[in-house]
Amino acid sequence: MSIPVAYDDCLDRGLAASVEQRTALALSHFAQASALAPASGVPHLLMGAEHACRGDLVLAEDAYAVALRLAPELHLARYQLGLLQFGARRTAAALATWQPLFALCASQPLGHFARGFAALVEDDHEVALRHFRRGLALSRDDVAAALGVGTVVEALESRLGDASLPAGLPGRSGPGGTRLQ
């Protein structure tokens, strides 16, 4: 069996285990894939997602950071790492992590999502909503839903539709538990 086939097989097995909510097995397969292709950031991206799903955000951040060191062009890892930082109220770190996403062309949803969160930092909810909606419209699959952007849009629409709401969105959370305030 060649290394690329074994690598792909490990990723496939890890993804299958993840779907079955067998986290330990999924992580084991992703670690094997990483050992077979140590320069690939993809196994670390998948490990980050697995850790995030089980609520271990420190390990998730570490895995996403490794993915980005290995593959700086891995936009999903960059977005997810920034989202974890944003959710932990480390907005300066999130904005720095997302910086390359801000430069993505207008047809890239992750760029719009990152710009939307940057607008939230500036309390510009209308610009944030415009970017989130544009990103959702550009998403050709269920990635946007998985990233929780629709939840953010609903919360912003609710807030913008009710001028009586105080600053912040009490009781509402965005993707990854991000408090929208």
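**Note on a helical chain**

1. His51 sits in helix α3 (residues 42-53). Helices here are DSSP runs of H or I with at least four residues, strands are runs of E with at least two, and both are numbered from the N terminus. This is a predicted model, in which local features need pLDDT of at least 70, side-chain atom pairs count only at pLDDT 80 or more, and totals for chains, interfaces and linings use all residues. Residues are numbered from 1 along each chain as its sequence is written, and side-chain values use heavy atoms, with hydrogens and water left out.

2. Is His51 buried or exposed? His51 counts as buried, at 9% relative accessibility. The cut-offs are these: buried means under 20% relative accessible area, exposed means over 50%, and partly exposed lies in between (1.4 Å probe, protein chains only).

3. Now look at what surrounds His51. Leaving out residues up to four places away in sequence, His51 touches Leu27, Asp56, Leu59, Ala60 and Ala63. Contact means heavy atoms within 4.5 Å. His51 and Thr23 are 28 residues apart in sequence, and their C-alpha atoms are 8.2 Å apart in space.

4. Step back to the whole chain. It has 10 helices and zero strands. From the N terminus on, the elements run α-α-α-α-α-α-α-α-α-α. The chain has 181 residues, and 45% of them count as buried. Take the contacts between residues at least 6 apart in sequence: 41% of these join residues at least 24 apart.

5. How many salt bridges does a search of the whole structure find? It finds five. A salt bridge is a side-chain nitrogen of Lys or Arg within 4 Å of a carboxyl oxygen of Asp or Glu. Three of them follow, starting with a residue that His51 touches, Asp56.

6. Asp56 forms a salt bridge with Arg54, at 3.7 Å from N to O. Asp56 is partly exposed, with a relative accessible area of 26%. Arg54 is also partly exposed, at 45% relative accessibility.

7. Arg90 and Glu61 form another salt bridge, with their closest N and O atoms 2.5 Å apart. Arg90 lies in the loop between α5 (75-87) and α6 (91-102), and Glu61 lies in helix α4 (residues 57-70), so the pair ties together parts that are 29 residues apart in sequence. Glu61 is buried, with a relative accessible area of 17%. Arg90 is partly exposed, at 34%.

8. Arg133 pairs with Glu157 in a salt bridge, and the closest N and O atoms are 2.8 Å apart. This pair links distant parts of the chain: Arg133 is in helix α8 (residues 125-138) and Glu157 is in helix α10 (residues 149-161), 24 residues apart. Arg133 is partly exposed at 42% relative accessibility, and Glu157 is partly exposed at 36%.

9. Next, helix packing. The axes of α5 and α6 come within 8 Å and cross at roughly 165 degrees. Axes are lines fitted to C-alpha atoms, for helices over the stretch in contact, and angles run from 0 to 180 degrees between N-to-C directions. The two helices, α5 and α6, are therefore roughly antiparallel. The classes are roughly parallel under 35 degrees, roughly antiparallel over 145, roughly perpendicular from 65 to 115, and oblique for the rest. Residues in this contact include Tyr79 and Phe86 of α5, and Thr97 and Trp98 of α6. By class, the contact of α5 with α6 has nine nonpolar, five polar and one charged residue. Ala, Val, Leu, Ile, Met, Phe, Trp, Tyr, Cys and Pro count as nonpolar, Asp, Glu, Lys and Arg as charged, and the others, Gly among them, as polar.

10. Helix α5 also packs against helix α7 (residues 109-121), at an angle of about 20 degrees and with axes 10 Å apart. That makes α5 roughly parallel to α7. In α5, His75, Leu76, Tyr79, Leu83 and Phe86 take part; their partners in α7 include Phe113 and Phe117. This contact has 10 nonpolar, one polar and no charged residues.

11. Finally, another histidine. His112 lies in helix α7. His112 is buried, with a relative accessible area of 7%. Apart from neighbours within four places in sequence, His112 is in contact with Ala106, His131, Phe132, Arg134, Gly135 and Leu138.
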